[in-house]
Structures are given as C-alpha cells and as structure tokens.
Amino acid sequence: MDTANPLLASQSTDEAPLTFLKSVSEIFIRFGEDTQDSGNISYGVTYNEKRYFVKSAGRVDDEKTYFDHGQRVDMLRNAVRLNQGVAHPALPKLYNVIESPEGPLLVYEWCSGELVRCPNHIREQPNSSFQRFRRLPLTEIRNCLDVIYQLHKQLAKMGWIACDFYDGAMLYDFDRRVLRIIDLDHYHQGPFVNEMGRMFGSSRFMAPEEFEKGALIDERTTVFTLGRTAAVLLSDGSLERTPFRGTDRLYEVVVQACEPNRNERFGSVADFYHAWKNADQGEIS
C-alpha cells in the first residue's frame, strides 16, 4: 500500500466526504442525483495521476430517494462485505474504506467503460451503448455472459443472492473488450422473503417472485435473472426461438432458467452454469 496516498492510507476523516476528497485529490467527475436516483454520490478522483472511484452514501438530508441515509450507509457496508468475501476479475477492486461523519467512503479502482444500459428513449438508437454492445461479435457477447455466470457461480457459493442485477450493472470497455460488474450493493446474504412486493430492478431481468410480496427469494431467483440476461443480450428480450442468436441447446437452457415455476428451473447457479457450458460446446449460430 502507498502509505503516502491518503486515499489508500486513511482510515477515517472528520471532514465531510466532498471536503476530504477536495483536500487530498483532484475530482474530475461527480455522479449524483443528476445521473442516478439512489441517493449515493460518487466521484472520480485523481491522486498522483492515478484514478480512483469513490462512493459515498450521499447527503444526510436527501429525502427524495426511497432509502434514507442510514439505509444507504447499510448498503455500502453490505458492498464492502461482498467485495471482501469474493475476489473475481470482473469486480472492481475495493482498495480502502474511509469512515467519515456521513458514512463510509469506498475507494475502488477506476474502471473505464460505458454502461451497457442506456435510457429507454435512446435504447433503440444504433449508436447507443446497448445497441453497440449487441452488435459485437457473438463470441464476445458469449464471453461476457461467461464472465457474468462465473462471477455469480462464485457469489452463490458464498451465499449471495442476486438483487437488482441488470444491464446497468455491466460496465463495458469497448476499446479493450473488458466487462466489469458494478453496483452489487443490494445483493443479499442468503435466501429471504420478499417484503416489498415489486422489488428493485429492471423488469426485463426480474423473476415472478420479485413482484410477489411474501415470496421466497433464493438461488433459483438468481438463476432466472441469469437466464434473462442471455435473453436480453443474445435476443430481443423475449423467449421466442427465432430472435435468439444461439444454438437450440443454449436456447433450451435459457428457457429452463426462465421458467415461471421456480421448481422447474435449475436448482442452483452451479447447475445452470454447468448446463450452459455443456450446451455452449457448439458454435453460436
């Protein structure tokens, strides 16, 4: 660790996050309420010409978001637990956690790229990040899916259930052809009961139980989300055979993963990934 770098060496600060970051680094970009609705405020900062991504719980007095400040702090600490327990190349490295009067500052490596998700009003435009991603060679999309599935197999082994995973969590570097997975703050340790009704997330990726209050959310829910990921990235979001750009065997795996009846899905992420890899021996059509 660079002991001279306050972003990496500091354990705490008495200053507000913005004040602290301004005093020890150069802020080159801010992600706040103008770019997201979570209530979190994040920064791209530079120290000695090296870039970092720093995430905070946002303003204490921000009451416009669903989660209050205390809940946002809890989710950041949840993200710390996930990152400290699971090491995977697709997850940005968490270098340090700095405690402040307004909650923890999570200091991550800076990852270049664009979110695969884009606003609905430009999603179908040819130059949108979503459409550019879908125009990649199918082997590259398949490689990205493999990264996502490998990561979730490892997360599931550690007991993590996917929550609010969608293409907005996919950061893709079109120049280097590298996919990173971000913002897993909502992931849950172990199965739980849906106490909300309609849970957070994109309906394009969500299982039926994520809309049903009192329903069980567990690893089979993650399986559904992973199947939907293939339906979105390799097809038109439907489960129709014609638009799906893969073999019949891959298509059958996706359909089983996305069964509305949870008991008919694969029983685990490992089972799903095993079936996917076996079906993926042939070339994508």
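**Strands, helices and some residues**

Reader: Which residue in E3 is the bridge partner of Ser42?

Author: Helices (H or I, at least four residues) and strands (E, at least two) are DSSP runs, numbered from the N terminus. Two strands pair if DSSP finds at least two bridges between them. Ser42 has its bridge partner in E3, and that partner is Lys55.

Reader: What kind of model is this?

Author: Residues are numbered from 1 along each chain as its sequence is written, and side-chain values use heavy atoms, with hydrogens and water left out. Local features need pLDDT of at least 70, side-chain atom pairs count only at pLDDT 80 or more, totals for chains, interfaces and linings use all residues, and the model itself is predicted.

Reader: How many bridges pair strand E2 with strand E3?

Author: Strand E2 covers residues 41-47 and strand E3 covers residues 50-56. The two pair in the antiparallel sense, and the number of bridges is 7.

Reader: Is Glu49 buried or exposed?

Author: Buried means under 20% relative accessible area, exposed over 50%, and partly exposed in between (1.4 Å probe, protein chains only). Glu49 is in the loop between E2 and E3. Glu49 has a relative accessible area of 80%, so this residue is exposed.

Reader: What is the phi of Asn48?

Author: Asn48 is in the loop between E2 and E3, and with a relative accessible area of 62% this residue is exposed. Most residues other than glycine have a negative phi. Asn48 is not a glycine, yet its phi is positive, about 50°.

Reader: What is the order of the open sheet of 5 strands?

Author: The pairing in this sheet is antiparallel, and the order is E1-E2-E3-E5-E4. Strand E1 (26-31) and strand E4 (94-100) are the edge strands, since each pairs on one side only. The twist from one strand to the next averages 25°.

Reader: At what angle to E5 does helix H3 run?

Author: Axes are lines fitted to C-alpha atoms, for helices over the stretch in contact, and angles run from 0 to 180 degrees between N-to-C directions. Contact means heavy atoms within 4.5 Å. Helix H2 (residues 17-24) lies across E1, E2, E3, E4 and strand E5 (103-109), at about 15° to E2. Helix H3 (residues 69-85) lies across E3, E4 and E5, and its angle to E5 is about 40°.

Reader: Which strands are the edge strands of the sheet of 3 strands?

Author: This second open sheet has the order E6-E8-E9, with antiparallel pairing. Each edge strand pairs on one side only, and they are E6 and E9.

Reader: Which residue in E8 stands opposite Leu115?

Author: Strand E6 (residues 114-115) runs antiparallel to E8, and 2 bridges join them. Both faces of E8 are covered, with Met170 and Tyr172 buried on one side and Leu171 and Asp173 buried on the other. Opposite Leu115 stands Leu171.

Reader: Which residue in the turn between E8 and E9 has a positive phi?

Author: Strand E8 (residues 170-173) and strand E9 (residues 178-181) pair in the antiparallel sense over 4 bridges. Tyr172 has Leu179 in E9 as its bridge partner. The two strands form a hairpin with 4 residues between them, and the turn residue with a positive phi, about 60°, is Arg177.

Reader: What is the relative accessible area of Phe133?

Author: Phe133 is found in helix H4 (residues 129-134). Leaving out residues up to four places away in sequence, Phe133 touches Val116, Ile141, Cys144, Tyr172, Phe174 and Leu233. Phe133 is buried, and its relative accessible area is 0%.

Reader: At roughly what angle do the axes of helix H7 and helix H8 cross?

Author: Angles under 35 degrees count as roughly parallel, over 145 as roughly antiparallel, 65 to 115 as roughly perpendicular and the rest as oblique. H7 and H8 are therefore roughly antiparallel to each other. The axes of H7 (residues 248-257) and H8 (residues 269-279) come within 8 Å, and they cross at roughly 165°.

Reader: Which residues in H8 meet those in H7?

Author: In H7, the residues in question are Arg249, Leu250, Val253, Val254 and Ala257. They meet, in H8, Phe272, Ala275, Trp276, Asn278 and Ala279.
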